[in-house]
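Subject: Two-chain model for your review

Dear colleague,

Please find below the structure that I am handing over to you. My notes on it come after the display.

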Amino acid sequence: MRHNKLLLVGLALGVIVLIAGVLGPQFTGQDYATQNFQNVNQPPLSEGHLFGTDSLGRDLATRTFVGIRVSLIVAAGVTLMSMVAGIVIGMVAGFLGGWIDRSIRGAVDFVWGFPLILVAVLFAAGFGEGLFPVILAVGLVNTAAIARVVRGEVLALKEREFIEAAHAGGLSTFRIMWRHAFPNILGPALVLTSYYVAVAIIAESALSFIGLGAQPPLPSLGQMVADGRNFLRLNHWAATIPGLAIVMMVLSVSLIGDGLRDVFDPRLRHEAKGVDD
Amino acid sequence: MKRIAGRTLYTLLVLFLASVAVFYAIRLSGGDATAARLVASATAEDREAFRELLGLNEPIHQQYFTYMGRLLSGDLGVSLTNSSDIFKMLTFHGRNSLILGVTAFTLVFAVGIPLGILAARKRNTWVDGAVMTFSIGGMAVPNFWLALLAIWLFASVWGLLPSAGCCSPRQLIMPAFVLALEGIALTVRMTRSAMLENLESDHVRTLRAGGLSEARVVNKHVLRASFIPIISLMGLRIGQIVGYALVVETIFGWPGLGQVLVNAVLRRDYPVAQFFSLVLVAIVVAGNWAADIGYSLANPRLRKT
């Protein structure tokens, strides 16, 4: 019961964030890059600026909404990539077994052993700063994480009667994977993915914060927090509002993930990365 | 024993592969190396000569072996931006990172485990609720934002703590707590759920039925069984702390390994980036190895294999 309530809170927060990211910039009707040095560091609710302005006189509301949009795009890209690749890799490893499984597992464990931020910094060192290496690095680590779990699920599924029956019935491995195993894996994979959406949002903002993610003038929430930190005494809102936006996004996905977990798979509740009951 | 030997061999292999991968990644950006040292007006010939001087024109695998040879002999050259000796940078920044990392690591478990035990024993009371709310919050709040809130409140508004710098105990408080927070939140959850699982397990019920006092059941049996997942968490935490240190050190101006690496990447100071990414990768791999070994030793089911 408690989880359903939390799921609703998560969904509500998610809708707010989506609306802000998709429609927000149109709503404020201003440009995120236009500077106005006559009107810097204004607090929220000042004239014409819902959230005030930053140290260059740019409209904070527009920048926050565009920042949310950037976060959403990065999260969507990472999630799409890691979910598709993770499910495919995990299923192939689990079903085919043998040396294919061993080499995939070796590669996946290798990647998974490294902290996300470090991998992303190394990618930035190789490819230069920007959103692309961030998406690639976070996508890679999340793919490994999802593939690990999917492989485990497949191994468990392989022992079940209905898969054995399908084998006995002479169905091809591919058909069994697609028609019989995949629908059973989708639930746990979705639950896991929602957790990694949160990871992607935090990682992108952290990397943008240290200057390796989104490059100016494109606003990103992490970079806005970084810009605002030099003016904490004058106008802390330039740092606290984008930060709050990140927290809202992360909370929303985490709550949705917890709720989904309950719906799809009560067994997962005691998992390491899991949740209270 | 066999398992430990196997994992150690595996770790060495991982270390080798990781060092090759990191080496290639950084050399990919080698084209920019000249931008870090030479002025913008340098001619194409100047740049070429500089690349030749750094040995960047040789085949990469040869560069790798040359580099490893120099690494072992302790001669890694100097930073392209400020000419400091790279090995000297390691001792200075490594010491600072060690102070911060060890403090954060200790905090993760010294705060996380007792809170988790408390929440499990007071299950479904307001104490449990408060601890779990803190835990969920701790995992949702990005650490760099928390860091800024802390700086704003404790340094700017209340003036209780210095906002940045190294390495007095007062300067250590904020970065250490920010670095530890996510780990504390995770440890609380793990400890609590491991405790709950064991408190309800058959063997604990048998112990209780046998007349053991509740305190003895909890302290001797439940805690010990609950430590197994926590120990493997400890090793993995080393890697996570290394990752987060990249961000936290940058925010608090803590001159550690993470800050050096981030700055080197931003300034395309590739010899520094090269070396310090290898150092951090080695620390992470060693942490994973320690997690594995600790897990094998703590888990009686694996001890004999």
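Predicted model: local features only at pLDDT ≥ 70, side-chain atom pairs only at ≥ 80, totals over all residues.

Residues are numbered from 1 along each chain as its sequence is written, chains are lettered from A and ligands numbered from 1 in the order in which they are written, and side-chain values use heavy atoms, with hydrogens and water left out.

Chain A

Chain A has nine helices and zero strands; helices (H or I, at least four residues) and strands (E, at least two) are DSSP runs numbered from the N terminus. Of its 277 residues, 55% count as buried, where buried means under 20% relative accessible area, exposed over 50% and partly exposed in between (1.4 Å probe, protein chains only). Among the contacts in chain A with a separation of 6 or more, 69% are between residues 24 or more positions apart; a contact means heavy atoms within 4.5 Å.

Helix H4 of chain A (residues 116-127) has twelve residues and spans 16 Å from its first C-alpha to its last, close to the 16 Å expected. The expected span is 1.5 Å times one less than the number of residues. Eleven of the twelve residues of H4(A) are buried, among them Leu116(A), Phe123(A) and Gly126(A). The buried residues of H4(A) pack against helices H5 (131-158) and H7 (173-209) of chain A, and also against H1, H10, H11 and H12 of chain B. Just after H4(A), Gly128(A) takes a positive phi of about 90°.

Two further residues of chain A deserve a note. Arg63(A), in helix H2 (residues 60-96), counts as buried at 1% relative accessibility. Leaving aside neighbours within four places in sequence, Arg63(A) is in contact with residues including Tyr32(A), Asp54(A), Gln223(A) and Asp227(A). Gly243(A), in helix H9 (residues 237-264), is buried with a relative accessible area of 0%. Not counting residues up to four places away in sequence, Gly243(A) touches Val225(A) and Trp145(B). Gly243(A) and Thr64(A) are 179 residues apart in sequence and 9.5 Å apart in space, C-alpha to C-alpha.

Salt bridges

A salt bridge here is a side-chain nitrogen of Lys or Arg within 4 Å of a carboxyl oxygen of Asp or Glu. Three of them are described here.

- Arg151(A) pairs with Asp101(A), the closest N and O atoms being 2.7 Å apart. Arg151(A) lies in helix H5 and Asp101(A) in helix H3 (residues 98-112) of chain A, so the pair ties together parts that are 50 residues apart in sequence. Both Arg151(A) and Asp101(A) are buried.
- Asp109(A) pairs with Arg148(A), with the closest N and O atoms 2.8 Å apart. This pair also links H3 and H5 of chain A, across 39 residues. Asp109(A) is partly exposed at 28% relative accessible area, and Arg148(A) is partly exposed at 35%.
- Arg192(B) pairs with Asp128(B), the closest N and O atoms being 2.9 Å apart. Arg192(B) is in helix H8 and Asp128(B) in helix H6 of chain B, 64 residues apart. Arg192(B) and Asp128(B) are both buried.

A loop residue in chain B

Asn124(B) sits in the loop between helix H5 (86-121) and H6 of chain B. Its phi is near 65°, a positive value in a residue other than glycine. Asn124(B) is exposed, with a relative accessible area of 66%.

The interface

In the interface, 45 residues of chain B are in contact with 43 residues of chain A. The two chains bury about 3900 Å² between them, 74% of it on carbon and sulfur atoms; buried area is the accessible area (1.4 Å probe) that two parts lose on being put together, summed over both. In chain B, Phe144(B), Trp145(B) and Trp152(B) lose the most area to chain A, together 16% of what that side buries.

Yours sincerely
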